[in-house]
Every structure is written in C-alpha cells, then in structure tokens.
Amino acid sequence: MTFLFQTDEKSQIKKNESFTKKFSKWKLVRRFVQTGIIFLLVSPVFGFTFFSGTLISSEIFGFFLTDPLAAADYFLAAKTFSVLVFGSALTVLVFYFFVGGRVFCSWVCPVFLLTELSEKLNKKFAVFKIKPSPNQKYFVLGAVLVLSFATSKPIFEIVSPIGFVSQNLAIGIDTKSKVFGDKISLESGEIYGNLKKNLIAKDVERVRFLFNGSLWFVLTIFLIDVFVVKNWWCKFTCPVGAFYSILGKKSPAKIKINHEACNNCGKCFKVCFVNEVLIAPVQGKSDFVLDGSCTNCLNCVDVCPESALGAGIKKDFWK
Amino acid sequence: MENFSRRNFLKSTAASVAISSMIGCEQKKTAEPLKQAAGGSSDQLGLEWDKAVCRFCGTGCGVLVGRKDSKIVATKGDPDCYSNKGLNCIKGYFLSKILYGEDRLTKPLIRKNGKLEEATWEEALDLIASKYVEILKNDGSNAVAMFGSGQWTIFEGYAATKFMRSLGFVSKDGVGSNNIEPNARMCMASAVAAFMRTFQSDEPMGSYEDIEHADTFVLWGANMAEMHPVLFSRIVDTKIKDKIHVKLVDLGTQFTRTSEEADLYLQFKPQTDLAIANYFANYIVQNNLYDKDFIETNTVFKRGQTNIGYGLKDGGADIPKDAEAMFPMTFDEYKAFVSTYTLEYVSELSGVPKEKLEEAARLIADPKRKVVSFWTMGFNQHTRGTWVNQLVYNIHLLTGKISKPGNGPFSLTGQPSACGTAREVGTFSHRLPADMVVANEEHRKKTAEIWKIPVEKINPKPGLHTVEMFRAIDNGKIKLLWVQVTNPFQSMPNLNRYRKAAQEKDVFIVVSDVYPTRSTEVADVVLPSAMWTEKEGAYGNAERRTQHWNKIVEPPGEAKTEIWQMFEVAKRMKLDDGKTLADLIYNYNPETYYKEIWEEYRSFSLGIGKDLAPYDVLKEKHGVVWPYVHKTKEINTKVDFTEVWENVENPEGKKGDDFISVKWRYNAKYDPYAAKFLKDHPEHKGEIAFYKAKGNDYKAVVLAVPYEAAAEEPNNEFPFWLCTGRVLEHWHTGTMTMRVPELRRAVPRAVVNLNPEDAKTLGIKGGDLVKISSKRGSVVFPADVNGRSIPAKGSVFIPFFDETRMVNEITIDAYCPISKEPDYKKCAVKIEKV
Amino acid sequence: MERRDFLKKGLATGLVTCTSSFSLFALLGQDNKTYFRPPGALPENEFLSACIRCAKCVQACPYDTLKLGSVTDGKNAGTPFINFREKPCYLCEDLPCVKVCPTDALDIKSLVNIDLVHIGTAVITDREACLSLNGIRCEICYRVCPMIDRAITLEKHEQEITQKHTVFEPVIHKDYCTGCGICENACPLDESAITVLPSQRGDKAKHYQYLREQVKHKKGHKK
C-alpha cells in the first residue's frame with residue numbers, strides 16, 4: 001500500500017534565513033475579491049436584486065452563468081441539451097480560459113478560503129501526513145462524468161461542497177421579515193402579541209440562520225484537510241479544480257519567471273498551494289508556470305524577494 | 001363472510017371513533033383506561049365536566065367544559081342545550097384554548113412616564129377611585145364614561161349599569177351618569193330600535209326551532225355559513241330533508257359561502273336593500289297577497305320622517321330633531337307609497353335582474369310558504385339600519401308570517417350576550433333594565449325602588465351614545481373612560497381620530513381585559529381580568545335563551561373579575577356620611593352576591609312579559625328561554641294565568657308544568673301573556689297579540705320609509721365600496737381566537753378580498769400587497785382574488801380581526817340617526833398596488 | 001515511469017475517494033420520504049436528473065416555502081422541496097421559482113396557468129379525525145383552498161345523531177387540486193387530517209367519459 005501515498009519528503013530547498021516581511025499586495029486584493037464573492041452570494045438577503053443564485057448557477061444583471069462542470073453533468077444526466085445552460089456555461093468557460101482556469105479556485109470559490117485556513121491548522125495539528133497523487137482529481141472528474149451519465153443524476157452537484165457552501169450563503173440567512181416587512185407575512189403558528197413588546201403584537205423582527213445539514217459535510221472535508229491530508233479536497237479531489245486545471249493549461253494568463261533574477265531562495269515553494277507546478281520553471285525548464293494546476297493566486301509573486309515572479313501573458317498560448 | 005365481518009368491524013369502529021371525536025378534542029385518545037376520578041361528573045379520562053356557553057358569537061351554543069388538575073383541557077358541544085344540540089363550530093372546538101394564551105395579563109399595570117408598569121391592585125384601584133372622585137367633583141357626572149360589551153356577563157352588565165347611574169352620590173351635580181354604552185351599539189342597536197318602534201318590546205319573537213319548521217329562508221346581508229355556522233348547518237339540514245320545496249334566498253353585496261349554498265342569490269348595490277324590501281312589500285300589496293284580517297287586527301300604518309342625516313357632525317348636528325318621529329297614515333296611502341317601488345325601478349337601482357327579484361318576491365309572498373328572515377350586521381350596521389329592520393317586519397306583518405313556528409323575522413346577534421346583557425339589562429346610554437328608558441319618569445321610579453336609591457339620583461337625560469362618547473373624548477368633554485371586556489381602539493370606525501384622541505387628550509383610560517390589545521395600548525391603567533369560566537356568569541343569546549355557568553377554574557395570577565373591580569372601586573368612593581358607594585349599591589353578601597344580583601335584576605322582568613327564570617332554575621337547566629312564566633301570580637309574577645294555562649303549549653317542558661318557556665312570543669298557543677290578553681280582549685281576533693305595544697293600541701307598526709343614499713358613496717377619487725366583517729375562524733378583534741395557535745395558523749392575517757375582474761383591471765395578483773385608502777387614512781393588506789368571498793365588481797371586503805392592520809382606520813363613523821349604530825359596511829375607498 | 005505513476009496513484013486514490021463518498025450518500029438517502037417539488041417540476045426521476053442543485057428557486061420563493069435538501073437527504077441534497085405542514089405553496093401567479101430555474105427541472109412551458117400546477121393531490125387521510133366529517137363546522141381546508149368550489153367542494157349529509165344539523169364533507173377533485181398544500185397546512189388538528197399525496201392526473205380510460213362530464217354542471221356558478 002505504500003506506493004499509494006508518498007510521504008512528504010524533506011524539501012530540497014534549505015530553510016531560509018529570516019527576512020523582512022514583504023507587503024502582500026496581491027493577497028490583499030485576492031482577499032478582497034473572495035470577500036466580495038461572499039457578499040455577492042449573500043446580497044439578495046439584504047434586498048439587492050442584481051445578483052441571485054449560487055456558484056453552480058447564478059444570474060447577474062440578467063445574465064445567466066452556469067458552472068461548466070454542472071452543465072456537463074446536467075447534459076450527461078438528463079441526456080438533453082439546453083441552449084441556455086450551454087450558453088451560460090460557455091460564458092463562464094471563456095472567462096476562465098482567459099484569466100487562467102483555476103483562478104476560480106483561489107479567487108472565487110469560498111471552499112478555498114477554508115482550505116487556506118486548514119493549511120495553517122494542518123501545520124500544527126496534522127495527525128497523519130498522507131500525500132496522495134495530485135492527479136487523483138482527474139480520476140474523480142472522470143468518475144463524476146461517467147457516473148452522471150450512468151446514474152442519470154448530476155453526481156457532483158449532489159455532493160459538491162462548493163454547492164453546499166454557496167447554497168447556505170445564498171439562502172441560509174433570513175432577514176426577510178426585517179428587510180421586506182410584509183413579505184414573510186404568511187408566517188404560521190407564531191404566538192400572537194406579547195406584553196413585553198410594548199403591548200402590541202408586531203411581526204417579529206429577527207435574523208434567522210437556516211443553515212442546513214450539508215455544512216456537516218463541508219466540516220468533514222475541513223477536518224480531513226486539517227488532520228489527515230493537507231489540502232485533500234482542493235488539491236487532490238475537487239473535480240471542478242480538475243476541470244479548470246485542464247482548461248487552464250492552455251490559458252494565456254500565466255505566472256512568468258525571470259530566470260536571471262531568481263536566486264533559488266525557495267520562498268515561493270513555501271507559499272504555493274500546488275508547489276510541484278513551480279519545479280519546472282524554477283529549474284529553468286520554462287519561462288512560464290505551465291501546469292494547469294496553478295491557481296494564479298499570486299502568492300509567489302507577493303513573496304518573491306527578487307521580483308523574479310510576476311503575472312504574465314503567454315502570447316503563444318495555443319501552442 | 002370474512003369480508004362482511006371485517007367491513008362491519010371497520011364500520012363500527014369508525015362510528016365509535018366518530019362519536020367520541022365529535023364529543024371532544026381530548027377524548028379521541030382513549031387508548032388506555034385512565035383512572036376513574038372520584039365524583040359523579042368525571043369520566044374515564046379523569047376530566048370533570050360542567051356546563052357553560054360558548055364565548056363567541058350570538059348563537060349561544062351550549063358547551064360542556066372538561067377540567068383536569070385545575071385547568072380546562074377540553075370542551076365539547078352540550079347535547080342538552082336546545083340551541084346547538086351538541087355541536088360546535090371550529091371556534092367552539094378550541095374554546096378552552098382562549099384561556100391559555102402566552103401573554104395573559106396577570107398583574108395590574110399603571111402608566112408611568114409613558115410606559116405601563118406592573119403595580120399592585122391597591123395602587124391601581126386607589127388611583128382609579130381617586131380619579132373618579134376628582135373628576136366627578138370637578139366636572140360632574142357627564143365627564144365620566146364606561147364602555148362595556150355584549151360579552152359582559154349579565155351580572156357584570158347589571159353591576160356596571162347600577163354603578164354608572166348611581167354616581168350621583170359622588171358627583172357635584174348630584175345625578176348619575178348615563179354615559180354607559182356596550183359595544184352592542186356597534187352590533188345590534190338598529191335591531192333594538194326597530195323592535196322597540198314596531199312592537200314596543202325588544203328582541204325576536206321566534207326561536208331557532210323556526211329553522212326546522214320553515215321552508216323559505218331569506219338571508220339579508222348575513223353570511224350565516226361563516227358567522228352563525230351551527231345555525232346555518234340547521235338550515236342546510238332542512239334543505240336536505242326537502243330538496244325541492246325548501247328554498248334559501250340570499251340577498252347580499254358579495255358572493256359568500258352562504259351564496260354558494262343558496263338557491264337564489266340576489267347581489268344588490270350597497271344601500272339598495274331599502275328599495276328591495278319596499279319592492280317586496282309592493283309586490284305583496286299589488287298582488288293582494290297580504291293577510292287582510294291580520295293587518296286589521298294587529299297593525300297600524302305609519303310614515304317615517306325622511307332626510308334624517310348621517311351623524312357625521314359632532315353631536316349629531318346634521319340630524320333633524322324629529323328624526324325618530326312616525327306619522328299615522330292609512331293602508332291606501334301606504335299602498336300608494338310602496339307602488340313607486342316597481343320592479344323596473346328597483347331592478348335598475350339595485351342592479352338585481354328582474355327575474356330574480358320577482359322570483360324572490362314570489363317565494364316570500366306565497367301564502368303557502370313559511371318564511372323566516374335572518375339578518376345581522378348587514379342590516380344593523382347601516383346608516384338607515386332602523387328603517388331597513390322595520391322594512392323587513394313590514395313584509396312579515398303584511399303577510400301575517402310572524403310569531404308562528406317557521407314564520408318570523410329573526411334578528412341574529414353577533415355577541416354571546418348582546419341580548420342578555422346589552423339589551424335586557426339595558427346597558428345603553430338611554431336605557432334601564434327590562435326595556436325601560438331613563439327619560440321615562442315611571443321607569444326611573446321603578447328602577448330607583450328596586451335599587452333602593454332616591455329617584456332624583458337617576459339622570460333623566462340619556463347619555464352619549466358610542467360614537468358621540470368617543471367624539472366627546474376628542475372634544476375634551478370626557479375625562480375618564482373605563483373600558484371593560486371590549487377593544488374599542490381597534491373596533492371603532494374612523495379609528496385614527498379616536499386613537500389619536502385617546503393618546504393626546506387629557507383623558508384617563510382604564511381598560512379591564514385579559515390580553516394586551518390595541519385598547520390596553522392607549523390605557524393609563526390596565527386591569528387583568530378573569531374570563532369566561534374563571535368566574536360565574538350568564539349569557540343571553542339571540543333566541544332569548546339565558547345560559548348560566550359556574551366558576552370552574554381560578555383566573556391566572558392576580559386577575560380578578562370585572563364585578564370585583566367595580567365593587568372595589570365603589571368601596572373606595574367615600575360619601576359625605578361616612579358610607580361608601582358600595583354600601584349603597586353593592587350591599588350584597590360576599591358569599592352569595594351572584595344569586596342576590598340575579599334575583600334583584602330578575603325583579604325588573606317579572607309580570608311584564610320579560611320574565612326571567614329564578615337563579616336556581618338557571619343554574620340547573622342547560623339554558624332557559626324567557627319569558628319563563630309561572631302559572632300563578634303568588635310565586636313570582638304579578639299576573640295570574642291559571643285560566644289560560646291549559647291552552648298554552650310548553651315545547652321545552654311538559655304539559656302541566658308550573659313554568660312555561662315561551663318559544664313564540666305574541667302567539668296565544670305558546671305565550672300565556674298573549675292567551676291572557678286575548679281572553680281579556682275578546683274583540684281582538686286571531687291568535688297573535690302584540691300585547692306589549694300599548695302605545696299603538698296593541699298593534700305593530702308598518703312603517704313607510706323611502707330609499708335614501710348611503711353616507712358616502714364611491715366617486716372618482718375613491719371609486720370602490722368597502723365592506724368590513726368577520727371570518728369563521730376568528731371572532732371580532734381576534735384577541736382570543738388569534739391566540740389559539742390552530743385558528744391562527746388557519747387564517748393568520750386579514751386579507752382584502754377583491755373581485756377578480758377588478759383585480760385584473762388594476763393588475764393585482766393574489767398575494768400582492770395593496771393599499772386601501774379612504775378620506776380617513778390608508779391600510780395595506782395582502783390581496784386575495786379567488787377567495788372565499790367574492791365582492792361585487794367595484795367593491796372590496798376586509799375582515800377586521802387583524803390587530804396588525806386595522807381596517808377601521810379607514811371606515812366611516814356615520815351612524816343611523818335613530819339607532820346611533822355606525823355603518824361599517826359602506827364607505828368609499830381607492831385601491832393601489834404597493 | 002511518470003505516466004505509470006500517474007495512472008497507479010491517481011486511479012487508486014481516486015477510486016477510494018469516489019466509492020467512499022458515494023456509498024456514504026447512498027446510505028444517507030435510504031428512507032422512502034416523498035419529496036414534493038415546486039410548481040412545474042418534471043416527473044420525479046427526470047427532475048432529479050435535471051436539477052443541478054443551484055438553489056435559485058429556494059432563494060426566489062417569497063414565502064420561504066421551498067426548503068433545500070441537505071446531505072441527510074441523500075440524492076435529494078440540494079434539491080428544493082416543500083413541507084406543507086410547515087409552509088405550503090401559495091401559488092404565486094408570476095412563478096418566481098420556475099422563472100429562475102436554469103435547466104428545465106422546473107418547466108415553465110408546462111405552466112400555461114398557475115391553476116394547472118400539480119404538486120400532488122390532497123386527500124382526507126384521516127376520516128375519523130376530520131372535524132368536518134364529525135359534524136363540527138370546521139371546513140377550514142375548504143375555505144382556505146385557492147381553488148375553492150373547484151378543487152374542494154362540500155357534500156352535505158344529515159348529521160345522524162342530532163338529525164337537525166348538516167355534515168359538510170370536504171370532497172377533493174383531483175382534476176383541479178394543485179397540491180399546493182394550503183389545506184394541509186391549515187388543518188387545525190395536531191396531525192393534519194388532509195394530506196397532499198403524490199399522484200398522476202388523468203389515469204382513467206381515455207375514451208370513456210363519466211356521466212358528469214357529459215352533462216354540463218347543471219348548477220353553474222352563481223356569481
């Protein structure tokens with residue numbers, strides 16, 4: 001069984017001497033975007049109407065957007081075709097193609113925030129140090145597509161932690177009675193009137209959390225991430241990540257490396273979520289990070305003391 | 001064979017389960033035998049049962065109340081009560097739950113620095129008494145008022161009227177206050193006025209048993225299917241028994257659940273009921289279908305004053321002085337008067353197709369048919385309420401279809417004791433017990449004699465009626481108002497004005513209630529009260545049946561009965577000679593005061609055809625109909641019936657009993673008074689005698705009054721009629737039924753019922769919020785388009801039970817100049833989608 | 001070497017991951033609970049295929065009627081369903097839930113008219129407990145029905161015990177019943193005596209017509 005998991009080898013990079021902490025510009029921007037996405041998902045609760053839906057399917061300013069993997073699952077499961085779903089998935093597809101496929105993971109997906117947290121906790125609390133192959137996710141993707149076709153159910157959407165988290169953000173908070181006053185007015189069974197409420201019965205003003213049991217599943221993933229396998233979900237399992245990895249391979253948006261400036265300090269390896277993608281470029285085999293698993297999180301750019309790494313455009317991306 | 005026995009088994013189980021579940025909500029669960037509690041009245045569940053009466057509408061359904069561990073846990077219909085024979089509607093089924101709402105008031109509250117704070121009874125009562133004394137000494141007895149209810153028990157109503165009218169002992173002007181009104185003024189004052197003007201005796205002559213005898217039911221603007229569900233169930237049963245012959249005619253302004261069951265539905269424009277009733281009279285006269293002998297012996301024709309105004313100005317300044325006058329006329333003059341109400345004219349005015357009008361007229365006038373007319377608020381809450389009530393009596397008087405089993409005009413009531421307390425006890429501003437009035441010196445003398453107070457203390461000037469009472473608060477003339485058992489700050493029309501007055505004017509408001517309401521909200525002192533079976537009581541229903549119940553459970557916390565509250569306040573009013581007001585008017589034994597009050601009150605009723613049953617009989621029987629007449633004068637009445645006794649039937653007892661409950665008044669076959677009258681007046685033919693109508697030579701009045709327009713009609717700015725009312729699940733302002741979780745879930749809030757065509761024109765869909773506005777304000781309601789009630793095109797219907805959105809903020813406070821009852825059924829509104 | 005590694009390790013771990021999580025879900029979704037779907041939903045099996053669990057319908061429901069399945073609902077995780085007793089479908093005329101559905105799981109084409117929605121059919125499931133059938137004037141289910149007098153009508157029988165009153169029996173007509181569940185929600189009993197059950201319409205012989213369909217409703221609506 002040992003061949004299944006390869007234990008975390010001692011990194012070939014030496015531990016670095018301490019250095020003055022560089023201002024993480026891109027990380028700040030990324031956090032801002034991530035928070036923005038969460039606000040976007042919660043925005044309908046506060047009465048905004050420009051956005052609705054979840055990361056599986058949504059509507060923004062009247063434009064439909066659909067997760068391309070969900071669309072594929074739907075076509076395979078329902079064995080049908082829908083122009084709307086196809087078009088809205090294509091919109092998303094084209095967008096992520098040009099910004100770099102796994103930009104979705106590091107900039108948009110709320111599960112990734114949990115992964116980033118779990119990464120930190122894993123350093124302290126990891127019980128096992130199992131490391132599966134980073135290619136596992138492609139098999140999961142394949143299995144999802146095959147199973148969707150075979151069972152006629154959009155298999156991944158049933159279990160998707162991305163779906164669960166965004167569903168709960170979208171509908172888990174209920175302040176309607178407060179915001180809309182009357183809209184929730186067909187409330188049943190409430191006790192009427194209350195002496196403590198100035199002796200008048202009013203519609204109850206409140207914020208309720210209706211989070212459903214799916215979050216337990218998300219928590220389980222988080223715990224696996226912390227105690228068993230570092231980044232188990234996002235790095236090794238998520239078929240959406242796998243899908244965008246494939247898409248990102250040919251994307252023009254890539255991390256560019258300036259070989260001359262690089263001093264092989266290895267800081268980028270420490271902050272990279274999928275650091276195996278950096279091996280080839282740092283060793284000088286390519287000018288860009290070519291592996292699709294790269295999420296374009298720009299952590300390496302932030303951390304590079306020599307500014308050897310930077311966001312770049314690969315002009316001949318189709319090759 | 002196996003099949004057969006299995007089916008039988010299933011059937012018998014089903015039947016037994018059906019019966020047990022009919023009997024009560026708790027008994028259904030008789031899975032395991034429970035211990036047999038001691039005492040004869042308890043059953044295998046350990047419940048002790050006692051009789052009581054339903055707390056809601058005027059039907060007066062008898063109920064049995066199941067107590068377990070000092071809590072009422074179940075109610076079931078009382079099979080021994082003649083009014084309902086063991087059935088209830090859904091409100092009655094959940095009756096026990098009204099006692100146990102989460103927010104029962106259990107402590108007196110006094111407003112300090114704008115907030116109600118808990119206080120002791122001593123504090124609260126001292127404060128109230130000192131306010132009374134202060135205001136009575138400074139401003140006189142006209143500056144205080146009491147607003148009570150048709151839900152007062154008879155005992156409470158009697159104690160209240162005695163209290164108010166005896167305040168002369170304290171006040172600077174030396175006369176009592178007549179500013180006492182029951183909310184029944186908003187409920188059936190028009191019926192009272194019309195009964196008094198026509199027969200000189202209040203309340204219907206018939207009985208609910210009319211339903212089994214009649215074959216033609218005419219419902220005037222009464223949605224009995226929802227508002228009097230148990231009675232309607234009897235009507236439908238009569239219909240089922242003879243599907244071809246029995247007819248139900250529904251006249252109304254909206255299609256209701258009653259219309260759905262009706263054979264003939266006449267949808268008329270609001271207010272044109274006046275014209276339709278006159279058309280029916282015209283039809284009867286023109287086709288010679290009137291009972292000539294009956295008219296000659298029993299009726300007198302009169303013409304009413306016209307253009308009598310609407311009471312829109314404070315103090316009734318727009319009402320002519322002689323609005324109540326009636327002038328004699330001949331039959332021929334009457335015939336000429338009604339002849340203007342032709343089929344064509346009335347059809348055009350009312351919007352009812354000619355065929356339908358004629359068909360209804362034919363049914364009503366048919367000499368072979370037995371006709372009962374029912375009505376409630378559609379007639380009573382009407383700016384010509386007294387007229388329209390009388391116009392229906394006209395129809396029954398012309399055809400002689402009155403005071404006979406299956407024949408009669410029957411005014412239903414909306415409250416459990418509108419008859420018992422408001423009308424019989426006389427808690428109106430102009431009345432005294434037993435149909436007497438303060439303006440009559442003889443009446444005052446009799447009252448003073450029974451109350452053992454000097455006659456000068458009783459104020460001969462009628463007090464302010466309801467609308468004027470609340471206007472007087474706004475005008476600063478009333479300084480103290482004690483509200484008991486009712487919720488006027490939700491139920492008054494043109495509510496904004498009166499709520500504002502209560503909050504801003506210098507008026508001290510005391511509210512005795514069981515739950516926080518929209519009235520306790522504006523109160524200065526809130527007194528927690530005992531309700532229903534938490535105290536001994538008696539109610540009188542629409543068929544003159546008085547039903548008594550015992551105190552069954554203790555009230556919660558420090559809650560006390562209203563009667564105790566009045567006793568205590570009276571005890572704190574010191575007179576010059578060292579006595580207190582309570583010593584003079586409430587000189588009862590603390591152990592037996594209910595019996596003493598009853599017997600004192602009963603002495604008003606004896607010998608005048610209003611005879612009430614003795615206390616012990618009332619306590620024992622499951623409802624007693626008055627007049628409850630004794631054979632000889634020695635026992636309790638002043639008249640001797642021995643010579644006619646054998647000829648009078650006793651439907652609720654045996655022949656030869658010493659007491660007779662009169663089911664059909666004025667009918668010599670059932671009413672000893674009528675039999676005696678006919679014996680004494682041999683010239684009076686037939687078997688009907690309106691023996692109370694002394695002023696009209698013992699004749700009932702047929703009144704000629706015209707159609708007159710409503711106080712406010714739709715116009716360009718406000719193009720819709722608004723009608724308000726109730727729904728089956730909730731009762732009045734919902735303070736009780738909205739606290740029953742099951743009823744609240746069934747109908748959680750008031751909606752506005754729209755005509756589907758209007759909704760389409762306005763682009764309103766079911767569930768949309770719409771703003772309904774009148775000159776007086778605006779309220780937002782969710783719309784209901786395909787609902788249980790479908791108003792006529794150009795009109796909307798809104799129930800008034802919802803305290804979170806009060807439709808009375810937009811209703812008009814116009815009232816009938818004769819009965820002073822406000823019109824909740826007609827005003828002009830506009831509708832906007834929110 | 002690299003390629004073999006890729007295959008071996010990826011395949012093996014992938015299989016473990018997939019089988020364990022899917023069998024977990026299969027276990028969770030074992031019960032036979034019926035899920036009532038929003039208006040316009042495809043037949044259940046097709047619906048489960050077509051619904052991509054985006055929760056937009058749940059978000060769009062103005063009354064919070066639609067609930068979202070969680071992992072404990074197995075294959076129904078992420079799908080919308082209605083619990084009538086908690087809150088019924090109020091049949092919004094503009095169908096906000098159907099409009100937002102990106103796939104055809106909620107099919108707008110099937111909904112020419114909100115009155116033709118067919119979530120299920122109400123049935124009086126507890127005749128012994130039903131208050132109306134016991135002669136109590138309840139009939140709340142009838143009066144709250146948005147298709148009053150069509151989906152639910154009252155049949156009248158004599159009350160056998162008093163012989164003076166009527167039993168108003170609520171009778172449901174499945175041609176009109178939308179299965180909105182307002183009746184089930186409103187039933188005042190602790191356990192609703194009227195329940196929405198899943199059903200299909202039009203399961204009578206195609207060429208047969210009942211007498212009542214041949215003879216026009218003789219009473220007609222009296223409005």
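**A sheet in chain B and some aromatic pairs**

B:Gly148 has B:Pro182, in β7(B), as its bridge partner. This is a predicted model: local features need pLDDT of at least 70, side-chain atom pairs pLDDT 80 or more, while totals for chains, interfaces and linings use all residues. Residues are numbered from 1 along each chain as written, chains are lettered from A and ligands numbered from 1 in written order, and side-chain values use heavy atoms, without hydrogens and water.

Back to the sheet. β6 (144-148) and β7 of chain B pair in parallel over 3 bridges. Pairing takes at least two DSSP bridges. Strands (E, at least two residues) and helices (H or I, at least four) are DSSP runs, numbered from the N terminus. The sheet is open, with 7 strands ordered β5-β4-β20-β19-β18-β6-β7 (chain B) and mixed pairing. Its edge strands are β5 (115-118) and β7 (180-182) of chain B.

Now the rings. Over all chains, there are 67 aromatic pairs. Phe, Tyr and Trp (six-membered ring) pair with centres within 6.5 Å; planes under 30 degrees apart are stacked, over 60 edge-to-face, the rest tilted. One of the pairs is A:Phe164 with A:Phe217: edge-to-face, 5.7 Å between centres, 85 degrees between planes. A:Phe164 is in α8 (161-171) and A:Phe217 in α10 (214-228) of chain A, so the pair ties together parts 53 residues apart in sequence. A:Phe164 is buried at 0% relative accessibility; A:Phe217 is buried at 13%. Buried means under 20% relative accessible area, exposed over 50%, partly exposed in between (1.4 Å probe, protein chains only).
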